[in-house]
Amino acid sequence: MLSIFYGKMPEAIFNTSVYFKNAYEDSWITDPTAREMILDVDHSVVLDGAVIDSPVMGKIAPLSLSGGVKTLILMKNEPEKIFNASTCGNNCAKWILKIAEKQDLTINLRHIMDFGNECFTIQILNTNQIVHSMAELVPIAGLYV
């Protein structure tokens, strides 16, 4: 299940790019789910654990991926940690939900992310409420961001 804490959260890892730089492993990049996320969000193709083909920047290292993709990869590989998901755009929301389908995931958000029109299950930690739609989520999240 996905759990979200809105607003400042001291225990959350705020600077996900720096954390990624010091923690990622090549095997995280070549994982099939990571390959899909990188292709979908950054429109780039993983060639191997150290080289990604970007249509904008050419051949790049994993450190040059977008902040959103780096944060998604961290969420998938270190689910026991809480990451600042405000580094992610709305194009990452479906991936956050997919990761949370397979493993419990807690994230910190400092903005209202659009999780789309489909039904979902998200626990808002600030109020301990479960929501299933953006119509339910927005009024609660709006109190904290």
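Guide: Leu 2 is a place to start, and it sits in strand β1, which covers residues 2-6. The model is a predicted one. Leu 2 has a relative accessibility of 1%. Buried means under 20% relative accessible area, so Leu 2 counts as buried.

Next come the neighbours. Leaving out residues up to four places away in sequence, Leu 2 touches Ile 96, Leu 97, Ala 100, Leu 105, Ile 107, Phe 115, Thr 121, Ile 122 and Gln 123. Leu 2 can also be placed relative to Lys 102: the two are 100 residues apart in sequence, while their C-alpha atoms are 10.0 Å apart in space.

Now take the next residue along the strand. Ser 3 is likewise placed in β1. With a relative accessible area of 9%, Ser 3 is buried. Beyond its sequence neighbours up to four places away, Ser 3 touches Leu 105, Thr 106, Ile 107, Gln 123 and Leu 125. With Gln 123 there is a polar contact between side chains, at 3.2 Å.

That leads to the partner. Gln 123 lies in strand β7, made of residues 122-124. Gln 123 has a relative accessible area of 18% and is therefore buried, given that the cut-off is under 20%. Apart from neighbours within four places in sequence, Gln 123 is in contact with Met 1, Leu 2, Ser 3, Ile 4, Asn 128, Gln 129 and Ile 130.

Asn 128 is exposed, with a relative accessible area of 54%. Its phi is positive, about 60°, although Asn 128 is not a glycine. Most residues other than glycine have a negative phi. His 43 is another case, with phi near 55°. The place of His 43 is the loop between α3 and β2 (45-48), and its relative accessible area of 56% makes it exposed.

Ile 96 is in contact with Leu 2, Leu 72, Met 75, Ala 85, Leu 105, Ile 107, Met 113 and Phe 115, leaving aside neighbours within four places in sequence. Two of these names return in a helix pair.

Two packed helices are described by the angle between their axes and the distance between the axes. The axes of α4 (residues 67-77) and α5 (residues 93-102) come within 10 Å and cross at roughly 5°. Angles under 35 degrees count as roughly parallel, and α4 and α5 are therefore roughly parallel to each other. On the α4 side, Leu 72, Met 75 and Lys 76 make the contact; on the α5 side, Trp 95, Ile 96 and Ile 99 do. By class, the contact has five nonpolar residues, one charged and no polar.

α4 itself is mostly covered, with eight of its eleven residues buried. The buried ones are Gly 68, Val 69, Lys 70, Thr 71, Leu 72, Ile 73, Leu 74 and Met 75. The buried residues of α4 pack against α1 (16-23), α2, α3, β5 (83-84), α5 and β6.

The last stop is in α3, the helix that holds Val 41. Val 41 is buried, at 9% relative accessible area. Its contacts, apart from neighbours within four places in sequence, are Ser 66, Val 69, Leu 72, Asn 91, Cys 92 and Trp 95. From Val 41 to Phe 5 the separation is 24 Å between C-alpha atoms, for residues 36 apart along the chain.

Key:
Residues are numbered from 1 along each chain as its sequence is written. This is a predicted model: local features need pLDDT of at least 70, side-chain atom pairs count only at pLDDT 80 or more; totals for chains, interfaces and linings use all residues. Side-chain values use heavy atoms; hydrogens and water are left out. Axes are lines fitted to C-alpha atoms, for helices over the stretch in contact, and angles run from 0 to 180 degrees between N-to-C directions. Helices (H or I, at least four residues) and strands (E, at least two) are DSSP runs, numbered from the N terminus. Angles under 35 degrees count as roughly parallel, over 145 as roughly antiparallel, 65 to 115 as roughly perpendicular and the rest as oblique. Contact means heavy atoms within 4.5 Å. Ala, Val, Leu, Ile, Met, Phe, Trp, Tyr, Cys and Pro count as nonpolar, Asp, Glu, Lys and Arg as charged, and the others, Gly among them, as polar. Buried means under 20% relative accessible area, exposed over 50%, partly exposed in between (1.4 Å probe, protein chains only). A polar contact is a pair of N or O atoms within 3.5 Å; within protein, one must be able to donate a hydrogen and the other to accept it, and residues adjacent in sequence count only if both atoms are side-chain atoms.
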